[in-house]
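Please look through the structure below with attention to charged side chains and aromatic rings. The paragraphs that follow take these topics in turn.

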Amino acid sequence: METQRPSRSALAQALVSSALLGLALGVLAKIADQSPVPGLGDVGTYLGAWVVVVTMIAVRAPSRVMAAMRAALALIGMVVAYYVTAYLYFRVIPLLDIAVWSIAALTAVPALAAFMWPARATGWPAAVGVALPVGLLVAEAWSLRHYVGMGLHIAPFVFDVLAALLLLVLLPSSQAQRLRSGALAVPVALVGVWLLTVAFGYAAGVLLRGIA
């Protein structure tokens, strides 16, 4: 995939726009949390919506480096806006949540965006770029399946399933790419299930003990 070379002013504008986008999404996500509309706040609480946001930022970036930078800035902006808004609502500062999201925004998010960047091109790197978000969305949907049976978290489950299907249909540049991406999404989903059910809980426990 050819890397575009925009001017410095265009790069600066794109980075500022990404940060502003993150700030706006953070405020909207927190306001949605307080919405009386069933399931609206639930979608923004879970990983799936943010996987889609990072994917859209990454595939529209002019280069791999810019994809990583834009995604990181957007997610940092989201974290800042979300928890500032949360403080204005409740006058509390959830240090563990802030730490987890901030670390993810500075590490996993730019790394994922860099891999997702060539998703609309051809070849195996592009297939990886599609498989990552699709697999993560499937993994989260799988992790929510028991809650759906109890009538809980239906909105994020439906969002994850529909978003995974749409990305698999819209991002690949050909049917061959779609098949490659779908095949690679299976191991990504398996790893994602382990991350969501085991690794994240362990990491959160380590952070909690460190903060305490």
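Contact here means heavy atoms within 4.5 Å. In this sense, and leaving aside residues up to four places away in sequence, arginine 70 touches Ala14, Leu15, Ser18, Ile57, Arg60, Ala61 and Pro62. Arginine 70 is found in helix 4, which covers residues 64–90, where helices (H or I, at least four residues) are DSSP runs numbered from the N terminus. Because its relative accessibility is 15%, arginine 70 counts as buried; the word buried means under 20% relative accessible area, exposed means over 50%, and partly exposed lies in between, with a 1.4 Å probe and protein chains only.

The model is a predicted one, in which local features need pLDDT of at least 70 and side-chain atom pairs count only at pLDDT 80 or more, while totals for chains, interfaces and linings use all residues. Residues are numbered from 1 along each chain as its sequence is written, and side-chain values use heavy atoms, with hydrogens and water left out.

How many salt bridges does the count come to? A salt bridge is a side-chain nitrogen of Lys or Arg within 4 Å of a carboxyl oxygen of Asp or Glu, and by this rule the count comes to one. Its partners are aspartate 33 and lysine 30, whose closest N and O atoms are 3.5 Å apart. Both residues lie in helix 1 (residues 8–33), three residues apart, which is about one turn of the helix. Lysine 30 is buried because its relative accessible area is 8%, whereas aspartate 33, at 23% relative accessibility, counts as partly exposed.

Aspartate 42, found in helix 2 (residues 40–45), is buried yet has no salt bridge, and the nearest side chain of opposite charge, lysine 30, is 12 Å away. Not counting residues up to four places away in sequence, aspartate 42 touches His153 and Pro156.

Turning to the rings, the structure holds two aromatic pairs. The rings of tyrosine 82 and tyrosine 83 have their centres 4.9 Å apart and their planes at 75°, so this pair is edge-to-face. Rings of Phe, Tyr and Trp (its six-membered ring) pair if their centres lie within 6.5 Å, and planes under 30 degrees apart count as stacked, over 60 as edge-to-face and the rest as tilted. Tyrosine 82 and tyrosine 83 are both buried.

Note on methods: Helices (H or I, at least four residues) and strands (E, at least two) are DSSP runs, numbered from the N terminus. Lys and Arg count as positive and Asp and Glu as negative; His and the chain ends are not counted.
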